[in-house]
Each structure stands twice: as structure tokens, then as C-alpha cells.
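Me: Could you help me learn to read a model like the one below?

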Amino acid sequence: MKHTSRRDFIKITGAGAGAMMFARPTIKAFSQGGEQGDVHPGETLTRTPTYCEVCFWKCAGWVYKDKEGNIQKIIGNEDDPHSNGRMCPRGTGGVGMYWDGDRLKTPLIREGKPGSQKFREASWDEALDLIAKKFGEIKEKYGPESVAVFSHGTGGKMITHLMKAYGSSFIAAPSFAQCRGPRQVAFLSTFGEEVMSPERTDIRDTKCLVLIGSHIGENMHNGQIQEMSEAIDKGATIITVDPRYSTAASHSKYWLPIKPATDIALLLAWMHVIINEELYDKKYVEKYTYGFKELKEHVKDKTPEWAYGITTIPPDVIRKTAREMAHAAPAVIVHPGRHVVWYGDDTQRSRAIAILNALLGSWGRRGGFFVPEGVPLPKWPVPDYPKPKRTWKDFYKDQYGLAFEVLTSAVCDLSIPDPSRDWDIKAWLVYGTNLTASLPDTNATLKAIDNLDFLVVIDTMPMDIVSYADVVLPECTYLERYDGIRTSPHRVPNMALRMPATEPLYNSKPNWWIAKQLAEKMGLGDYFPWKDIEQLLDWQLKKVGSSLEEMKRVGVKLMKREYDDLYFLNGEDYEFNTNTGKIELYSTDFAAAGFDPLPDYTPHPEPPPGFYRLNYGRAPMHTFSRTANNPNLWELRKENSVWVNPKVAKLWDLKNGQYVWLKNQDGVVSSFPVKVRITERIRWDSVYMVHGFGHKEKQLTRAYGRGASDSELITKVAMDPIMGGTGMRGNFVTFLTEKPGKEVAS
Ligand SMILES: Nc1nc2c(c(=O)[nH]1)N[C@H]1C(S)=C(S)[C@@H](COP(=O)(O)OP(=O)(O)OC[C@H]3O[C@@H](n4cnc5c(=O)[nH]c(N)nc54)[C@H](O)[C@@H]3O)O[C@H]1N2
Ligand SMILES: Nc1nc2c(c(=O)[nH]1)N[C@H]1C(S)=C(S)[C@@H](COP(=O)(O)OP(=O)(O)OC[C@H]3O[C@@H](n4cnc5c(=O)[nH]c(N)nc54)[C@H](O)[C@@H]3O)O[C@H]1N2
Ligand code: SF4
Ligand SMILES: [Mo]
């Protein structure tokens, strides 16, 4: 067993961070651990509160400025349960988003024909007038549902509020069908509640943490990493199931290098052992669950020997790890993961994870899953939204029965005219999401865009999606604006404030201002009745016993729990929010919607000869495609590489550091070459790369042409029939050592 101290773990996970040199000379400090809060001797710095937007963990921190108003550093807020006073390397480097000289600086309007790459600068008034006019015309001619919205990130709330007031019902985000959707549906059907964000995993107090492809360590979700290192210090057992030797695997007692796409078989075999050896929590299962008999029958023949043939994990390892979990129970977490859209049967895999947790009695128990509580911030009263005439469900009556958010793929499909329909989506408003990198099958996205009458993009950077817009609105960064109060539920209910540390650079504006201005121009001013966001926030905060003035001082405010139920299910009666009022091992929701009520293993396609499965994930110092051009984080990692097993490298005569092009099963070739990294840490049947590189937009002066884009190579999507998740890990690539000619690069 390999115990690693917290210090080591943080050091490993934040690789290179300690030696970080910032591109802007004015930014001197990198704050981690003990350095936090240190102010340079002789300098007088002032500080304002924020919460980070470099990823969706939303850590609260302080932005320090010198006398000239230059931002010097961002450090964690000690009271914040998301960060515990520390930011991750991306959060500290977030200031690079503010300094990036490539930022969008002023509104832009496309000149000439659709598709022309010529934009002219415009005033806010002109750009917003144009949008209001176009949206007005579309509403009149086709109905307001013909304008679809894609949004991601905190500011999206204001924009979606505006568009719901307008009457739009097609409001989609990549956080559902490209990320957490399967786990949300699975946990909701099993426990009647979701896992939420930050996850309600009680990692701090766990005795056994099972990670199934959840690569905490590369996935830098701050509080989660800190709790994991705390648990390791306290002797928790880590079991990592990952075809790749991940950072988490290197800190694990057991690393199970599973054959990709076979996890459900392993999960069923674990259930088999736990039930057969009577290791499950009998009292809990009897009192709180529904369908144990059916489950027992279902996994009767799912022996470790059966799973061995599928997963390549030896039977004795399956038995030993099942026993480890049971011995730690109920202080055990089979982690639900987060980006779970892999193979198209992901809701069933997530269900298997949920069921395993139920057998172990970990839901609602210390060291398992706690019960989070949020702050109920009131909404400023506004008129009801108009009732939409159409929703996406009207077009997918017999499909994706358990999806409860709009599918991004449905918006794309409905934007392409089809003779079987007399109605199409005509325009998109895209806020804070780089769709050509975030949605798989880029060509389908581009085809939909080609068919639009009008595309508006609100972004901070000239990202790829921006180049397709008819109108571009430059938002200021999170460091230059207010946003809604962060109230994500946690062990202790809490609120965090984001306020401008400095005036917006250039001619950029905050989302709340953009939404309110547009609302007024569109005759929807009633939906934005407050004078400015300060008035709104102060009103909301006063209703819960605080004020804007107080939040500016403290940044984070911890509140009292209303209910003393952080852990429950120790024998008390409890009614779950499911059809049966019980934890559903056997899902009545799934049965009613025509899906297998108990998860089953189904085989998935294997790589064709000469091809390797395209596996992808995160790098600790980058977030998706949004940070590739950030001067501070770019310094830490300028491009991605493709991980290749030594056996494969030998076969192809590849050398470490050599550049290759990747070609997928459909003949799509990466736009740019990518550096080979030869390593035993990846199985011979797969290659691995970090998502978010290979930018094609030349205005991104640092990120342009660096590395390869996984999204581009993900042309085959395995749709999850249950909720429309876009399974992305069924794509296969091969190597091209020469720059491909025109005929292959089509
Ligand atoms: N191939 C592939 N696809 C994936 C994934 C993957 O690993 N591989 N991951 C999936 C997952 S888990 C997720 S959650 C999604 C993420 O999907 P996205 O959130 O779309 O990811 P990004 O590529 O970071 O795009 C964010 C965009 O918002 C802009 N932006 C950043 N800050 C602001 C701001 O304050 N205001 C405005 N207006 N814009 C801002 C950035 O410049 C960028 O254009 O992607 C999914 N898609
Ligand atoms: N630094 C950083 N951290 C982030 C983000 C970021 O952009 N940057 N994004 C955040 C977001 S929104 C999300 S959703 C999360 C995503 O983070 P996770 O939920 O942890 O991501 P996954 O993509 O599910 O997991 C990637 C891992 O799955 C493994 N894997 C691939 N195929 C299989 C398989 O068949 N079986 C098993 N068992 N494992 C497999 C890969 O080898 C890799 O180690 O990260 C979050 N944290
Ligand atoms: S985990 Fe890092 S990038 Fe994400 S919000 Fe926290 S500090 Fe920011
Ligand atoms: Mo995600």
C-alpha cells in the first residue's frame, strides 16, 4: 500500500505549479498552501472578493490589487468550503483571462455574405439593436421557440432568464448531454436525488474511495482533491478502475487497468460478490430499498470469473476489492464520476454505481454521501414566462424518455430543415460555450450553423465558435464583474460574492448589463425591474439576513443548517423521492419508460486493425478549450500530446517527441500534428490525449495550431437511448507520420 502525504499529493496534482512564472511581469505571486494570504513586504494591497470561473467548482477567493489598480494575485478565501483557502493552478492563473491581449474588445458585426470572415467593429447600441430587431422578426414569423440558446457558466443564468422571457424553450447546456446527464438521471431514479455540484461525496471521512474512470488529480476539482489527500493521510483505501495509470491510480492500493468499455461487467460482479458473501448492509437494504430480490436474481450468474473474461480483471482482485469496500462500509464511496458520457450505456453504468452504493449503505452516511444544504435566496418578482408552444420533447416523443434537459443534439438536428417538419430553429444565442470544441461531431454542429439565419455569440475570447457568429458581444471576464450570488449546497450552507476587482478592459460589458439592455430593446424590461445588479444582490442578501456591504467585506458567509440531517439513514424512517418511496435497486422509472430496470452489460465495438481507442481527459493546469490561450497557463502547458504504449510505438516506429497526425475510423485527420509521448501508463489498445487543444482560430495567438483536438476526431457518437447523452469514447485513431495530402485531409 502506498501512502502519500497530502503535500506530495498536491505537489503531484499541481505539477509544475510551484515554479510557475507568469507571462505578465506585474503578477508576481503564485499562492499555494502556506503562502496564502502573504502580502509582499512594503506593498499595500487592497482586496475584493470573487469566486472563480476558470472551472465550475467556483472556488471563492480574494483578488489583490496594488496602488495602481493592477491585479497582483488571487488567493483562496479561508472560509470557503469549495477551496478551503487554496486555489488550484488554474484559479491562480485565472488572472491571465483578464490580461490576455487576444480578448474580444468590442462588439462585432459580420460584413457581407453569411460565412464571410469579415467583421466590423460596432457600438453596443448598434449591435444590441440589430439583435433585438432580428429576434423580433423571428418571433413574429416563426415563433419565439425558433431562437435556441446554448449557455454554460454562471453568467448564463441572466441570458437564459432573458430568453425564457422572450419565449424560447430550446435552452441547452453541454453540462447535461456532454457531461453529467447520465449520472443525474441514474441517481435521481435510484435515490430520488442528484449528486449535485460540488458532489455530495463525503470523501473527507471516507475509509474507501472507488474511482471508476474519475481521474481526480488530473480533474482538479479543488475541494475534492483536498479531501482525497486528507482521506489518504487518514489511511483510506483508494481503488482506481482506469485503463490508464492516472494520478489517482498512482495513489491507490488497487489499480484495476480495466479493458475500456467493460465497467458494467465489473460493477455487476462486485454486486454478485457482495450479495453472495452476504457483505451488504442488511438492515439498510431491508428498510430502505426496493427490488433486492430482483437484483439478487439478476446478478446470480455475474461471477468474477464471468467478468474476468470481459474486463481482464482477475477474479481474486474483484473479490478482494469487493471485500475492501464492504469492510469500510458505510464509510465507502463508489464515486459517481462527472464526465460520464462514454459508450452510450452510461446511464446504466451510473445506475450500477448507484445500486452498489445502496448495497453498501453509503447514501446518507458519514464517509459516504452527505446531505447538502443551500441558502434559499429569493427571486426578485417578475412576470411569468410566456408558455412555449413547442418544446424539444414534441419532436422526440418516443426517444430519450428520461432526459430532463434540452439535448444539444436535438437543437442541432432541429436547426437543419427537414421535409418531415414544418418548423425549424432559425437562430442561436450562444453564451460561454465553445460549441465546436464542446459538442462531438463538429461537422454536425457546423451543418446546423450553416442553416441558421442568425447566430449571436457572447464570449470573452475570439474562440472558434465566435468566427461563425453574425454578431459578437464581448463580455468582460469574471474578475471585472458582478454575477449572481453563489449558493451551491454543501455541508454548511454558504454564500459567496463575485464583484468587480477592476473596471472592464476595452469595450467589454458584464452579462447582467447585456441582458438588461437587450430586454429593454426587446420590450421585456419588466423582467429586469432592478436598476442594476448591485440593487438586485443587496435586495436578495437582505432577505436572508446579510447585505451587499457585508458580503463585500467577508466574501463568503457561512449560514446555519436548517435541518440537522447531514447524515441520516441510521434506522430512522425516511421516504425517498422515488415512485416507491424507497431507494430503487430495481428502477420503476426505467421500467415505465421501457428501459432495463436493472443494468446489464452489453459489448461495444473494438478498434479495427491498426487503430486504437481514442481516450481523453483533463490536464491539471487547463480547463477544456477555454484556457489554452491564457498566458499564465499556456506557460505551464502549451500543447497536448498523444500517449502511446511502448509496444505500439515500436510497431509504428514512433519516437518520443515526434509529431504525428491522427486519423480516425471515418477518415477524419487532425488539423494539426500532435507530439507522441511514449508511456507504459496507457494500455496498448488505446491512446490518450487531453481535451481542449488544437485551436483553429488564428486570433488566439498562443493557442493556434498547438496540439490536436479530440473533438474533431470524435465523429462517432453513441447516443444514450435513456437520456440522450453523447457517448464519445467509441472512436478509434491511427497514426500518420507524414503531413497528409489534400485527398486525406478533406
Ligand atoms: N471532445 C470533448 N468534448 C467535451 C469534453 C471532452 O472532454 N472532450 N468535455 C465535456 C464537458 S465535461 C463539459 S462540462 C463541456 C464544457 O464545455 P464548454 O464550457 O463549452 O467548454 P470550453 O471549451 O471551455 O468553452 C467555454 C467558452 O466560454 C468562454 N468563456 C469563458 N469565460 C467566459 C465568461 O465569463 N463569459 C462568457 N460569455 N464566455 C466565457 C470561453 O472563451 C469559451 O469559448 O465540454 C464537453 N465536451
Ligand atoms: N484540470 C481540470 N479539471 C477539471 C476540468 C478541466 O477542464 N480541467 N473539467 C471539470 C469537468 S466539467 C468535469 S465533467 C470533470 C471530468 O472529470 P472526470 O469525471 O474525472 O472525467 P472522465 O472523462 O470521466 O474520466 C477520465 C478518465 O477516464 C478514464 N477512462 C477512459 N475510458 C474508460 C473506461 O472505459 N473505463 C474506465 N473505468 N475509465 C476510463 C481515462 O483514462 C481518464 O483517466 O473534470 C472537472 N475538472
Ligand atoms: S478548482 Fe481551480 S479553476 Fe476550478 S474554480 Fe476552483 S480554483 Fe478555479
Ligand atoms: Mo463537465
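Here is a short talk about domains and a ligand.

Me: What should I know before I start?
Reply: This is a predicted model, where local features need pLDDT of at least 70 and side-chain atom pairs count only at pLDDT 80 or more, while totals for chains, interfaces and linings use all residues. Residues are numbered from 1 along each chain as its sequence is written, chains are lettered from A and ligands numbered from 1 in the order in which they are written, and side-chain values use heavy atoms, leaving out hydrogens and water.

Me: Into which domains is the protein chain divided?
Reply: There is domain 1 (178-372 + 567-592) and domain 2 (612-736), with bounds from an automatic or database domain assignment. Their C-alpha centres lie 29 Å apart.

Me: How do I read the area that domain 1 and domain 2 bury between them?
Reply: The size of an interface is often given as the accessible area lost when the parts come together. Here that is about 2100 Å², with 57% of it on carbon and sulfur atoms; the loss is found with a 1.4 Å probe and summed over both parts.

Me: Where does ligand 2 lie?
Reply: Both domain 1 and domain 2 give residues to the shell around ligand 2, so the ligand lies between them. Of the 30 residues around ligand 2, those that come nearest include Gly213 and His622; a residue is near if one of its heavy atoms lies within 4 Å.

Me: How far is ligand 2 from a side-chain N or O atom of Asp263?
Reply: A nitrogen atom of ligand 2 is 2.7 Å from such an atom. Taken alone, ligand 2 exposes 930 Å², and the protein buries 99% of that (Shrake-Rupley method, 1.4 Å probe).

Note on methods: A polar contact is a pair of N or O atoms within 3.5 Å; within protein, one must be able to donate a hydrogen and the other to accept it, and residues adjacent in sequence count only if both atoms are side-chain atoms. Buried area is the accessible area (1.4 Å probe) that two parts lose on being put together, summed over both.
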